[in-house]
Amino acid sequence: MSAADPVSGGAASVRPGFRTLFRTPEFAPLFFSTAAHTAAQTVSGLALGTLVYRATDSPLLSALSMFGPSLAQVLGATLFLSGSDRLRPRAALVGISLAFAAGTAALALPGLPIAGVFGVVLVLGLVASLGGGVRWGLLNEILSKDGYLLGRSVFNMMSGIMQITGYAVGGLLVAVLSPRASLLLSTVLYLAGALVLRFGLSVRPPRATGRPSVAATWRTNAVLWSTRPRRLTYLGLWVPNGLVVGCESLYVSYAPSAAGTLFACGALGMLVGDLTVGRLLPQGVRARLATPLLVLLAVPYTVFALHPALPLAAVCVAVASVGFGASLVQQEQLMALTPDELSGHALGLHSAGMLTMQGVGAALAGSAAQLTSPGTAMTVLAAASLAVTLALAAAGRGGGKRAGRVPRNPVG
């Protein structure tokens, strides 16, 4: 597929269903190993944040211990992403799971100094920056071109369910046992994911030739960033999403006794959005919905400056989270703009940039809440997300007019 080829579809194509996905060779092992990895990250993140807070009594250090891996991804994206397409997928994914198992076990060691904790967190963030590219590039290989978006929507839905379950189980384990016991459980989950990958995936050659290197990472990043449509697509994937995740990071301070309810409503809305975009909408309709969905993602949070009561706040969160389905449309557009041999690197850059911006959004939201209030900070970040979405949509239309044609709008 060339960089300008549209994603295949139309009346002649048949979109696969959920059963077809799980009958596709290697889809199930990749799915279940990713579910174990997501659950382990959720449980360990909550446990580590609790452990650091108990040791330091610092909300800032506790937050950084949870968001540190996300912020470290920007460094990994500039150094290691060339490995996304230049490593054998099975070996790379198994190695990443084992690295997370070892790092999480190290975090559970009694007496590990705080500096050591953040050192391990930084290393795991760098490792994670490679994992997204390898995993989603492999998914793009396993599924047909028509199947990728549905497959990714299933992974997104699974991620929401695993996060809800992981936070519930992790909170219970921290309360009943200890944070270190939760970290050890996460270690076991990472090891289980590694075993599923090792015996469930076949050996595949790398998608691109050459050895992974920092220079290759920079060259490929430059290629991916060299065209205006891809630049706008990446910015649309990263910035509006990250700013709204900043709103989510304030649930605890907005409603300390009901933050779990808000997180659950957000996960429910995201599930509805992913199901609707990934399964129910035809390609012709779906391609026009990125900008409307990003607008929906931000607008409900603008009412939080009025400090709505919990029932209304929960409805706003659920409705807004449907807008996260925009990322599926944008990923489909990104794949249409990217050669097959760079698909892993392109998706890895998307994943690393998205997680980095989520960490940045949380930091911005926390800083704004310190100066104002959580509700006001949510409104400010939502307004910023909305402004970025509209600016990117206008930039996409303007670029097409200057070129004398109507382009595929990278943000809808």
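These legends accompany close-up views of aromatic side chains in a predicted model. Residues are numbered from 1 along each chain as its sequence is written. Local features need pLDDT of at least 70 and side-chain atom pairs count only at pLDDT 80 or more, while totals for chains, interfaces and linings use all residues; side-chain values use heavy atoms, with hydrogens and water left out.

**View 1. Phe-22 and Phe-27 form an edge-to-face pair.** Rings of Phe, Tyr and Trp (its six-membered ring) pair if their centres lie within 6.5 Å; planes under 30 degrees apart count as stacked, over 60 as edge-to-face and the rest as tilted. By this rule the count comes to 14 aromatic pairs. Phe-22 is partly exposed, at 34% relative accessibility. Phe-27 is buried, at 0%. Buried means under 20% relative accessible area, exposed over 50%, partly exposed in between (1.4 Å probe, protein chains only).

**View 2. Phe-100 and Tyr-190 form a tilted pair.** Their ring centres lie 5.3 Å apart, with planes at 45°. Phe-100 belongs to helix α5 (residues 89-107) and Tyr-190 to helix α8 (residues 179-200), so the pair ties together parts 90 residues apart in sequence. Helices are DSSP runs (H or I, at least four residues), numbered from the N terminus. Phe-100 is buried at 5% relative accessibility. Tyr-190 is buried too, at 1%.

**View 3. Six residues form one aromatic cluster.** The members are Phe-22, Phe-27, Phe-31, Phe-32, Trp-136 and Phe-155.

**View 4. Arg-198 lies over the face of Phe-199.** The distance to the ring centre is 5.3 Å. A charge sits over a ring if NZ of Lys or CZ of Arg is within 6 Å of the ring centre and within 35 degrees of the ring normal.

How values were computed: Helices (H or I, at least four residues) and strands (E, at least two) are DSSP runs, numbered from the N terminus.
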